[in-house]
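Subject: Structure for you to look at

Hello,

Here is the structure I promised, with its sequence. Please open it and keep it on screen while you read my notes below.

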Amino acid sequence: MKALVRWGATLGLLGSTLLGTVYFGSLPASALSEQQIKEKLDGVPVYLVTNEKGLPLSRPLPTPQNGQKAGGSITGVYMSRQEAQAFINELRNAKNKDPKMEEIIKSLQVTPVPLGVIYQQLQQSKKDPNRLLFAFKPVDQEVKGAMDLLRQTGQQVNQFKSVPMFAVRFAPDQGYVSIKAGNANEQQYIPLFLSKQDAQGLLGQVKPKHPKADIQVLDIDGVIQTLQAKNDPWLNQVVIVPSPESREYIRTLPKNQGSNTPAAPNRNNNPTKPGAR
């Protein structure tokens with residue numbers, strides 16, 4: 001949980017609407033290491049349903065059609081703490097439960113985990129046939145918001161199979177809006193939001209000077225693949241911004257006074273130019 005405590009410090013500089021100064025800068029190109037990717041993901045809490053020992057509630061994978069033993073199991077990873085708790089409540093309120101299951105359900109709890117830990121587990125176990133897989137449960141409202149934005153661009157969208165993310169661009173053919181953190185180093189960040197509402201807040205402050213600015217819909221799988229595969233310098237500046245619900249949870253964590261992580265920019269900062277895409 002130390003990663004989430006460190007992110008609490010970052011929130012101090014990146015702020016509620018996460019604005020800074022528009023910035024066009026040149027940065028050295030270098031591929032991100034697995035550890036750097038994990039550290040970016042560590043700032044995002046996700047929520048598992050676990051027992052009192054912290055072991056996730058899981059189910060065996062279905063048997064393959066070729067008759068081979070399936071191996072492995074799968075568990076849900078919720079992007080919303082409230083939705084994870086709602087799932088537990090649904091299980092507890094179900095009728096005609098098996099007595100053994102009833103005892104298990106009584107012990108269930110919501111356990112926050114840094115997303116980077118899930119990523120690391122997947123990377124380390126990808127060759128293990130008995131590995132634990134993670135089924136991500138995006139927030140319905142964010143999925144709907146992503147699909148609405150895609151339809152506004154003329155795309156025919158019936159479903160969204162991943163966790164949506166939102167990035168603000170100065171125009172569809174220009175780079176992303178970056179922000180300048182209000183710390184001594186004035187570091188540049190390119191925020192990728194897990195909340196459409198947050199992206200709209202940034203867009204609203206950019207639009208007056210950049211009328212073609214828009215929100216691009218991304219997905220978390222594609223973002224991680226890009227971080228793994230590309231050498232583009234702007235990727236070093238990417239910061240993934242948790243939802244308002246998760247930020248509120250992070251604020252409840254004990255503060256790490258020794259953290260050197262910058263805090264997050266606030267709505268009083270000025271927008272900056274985007275890094276190149």
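Ser195 caps the N-terminal end of helix α7 (196-206). One of its side-chain oxygens lies 3.2 Å from the backbone nitrogen of Gln197. That is a polar contact: N or O atoms within 3.5 Å, one able to donate a hydrogen and the other to accept it; residues adjacent in sequence count only if both atoms are side-chain atoms.

Before you go on: this is a predicted model, where local features need pLDDT of at least 70, side-chain atom pairs need 80 or more, and totals for chains, interfaces and linings use all residues. Residues are numbered from 1 along each chain as its sequence is written, and side-chain values use heavy atoms, without hydrogens or water.

**Helix α7**

Which residues of α7 are buried? They are Lys196, Asp198, Ala199, Leu202, Leu203 and Val206. Buried means under 20% relative accessible area, with a 1.4 Å probe and protein chains only. These residues cover an arc of only 160° around the axis, so they sit on the same side of α7. The arc is taken from the directions from the helix axis to the C-beta atoms. An α-helix has 3.6 residues a turn, so residues three or four places apart point the same way. The buried residues of α7 pack against α6, β6, β8, β9, β10 and α9. Contact here means heavy atoms within 4.5 Å.

**Helix α6**

Helix α6 covers residues 140-152. It reaches 18 Å from its first C-alpha to its last, close to the 18 Å expected at 1.5 Å a residue. Its buried residues include Val143, Met147 and Leu150. What covers the buried residues of α6 includes β6, α7 and β9. Just after α6, Gly154 takes a positive phi of about 95°.

**The cores**

A nonpolar core is a set of buried Ala, Val, Leu, Ile, Met, Phe, Trp, Tyr and Cys residues joined through side-chain atoms within 4.5 Å. The largest one has 30 residues. Leu41, Leu115 and Met165 are among those with the most contacts inside it. Helix α8 gives the largest share of this core, four residues. Apart from it lies another core, of 20 residues, among them Phe166, Val168, Ala199 and Val241.

**The whole chain**

The chain has nine helices and 10 strands. Both are DSSP runs numbered from the N terminus: helices are H or I, at least four residues, and strands are E, at least two. Of the 277 residues, 46% count as buried.

Best wishes

Note on methods. Buried means under 20% relative accessible area, exposed over 50%, partly exposed in between (1.4 Å probe, protein chains only). The expected span of a helix is 1.5 Å times one less than its number of residues.
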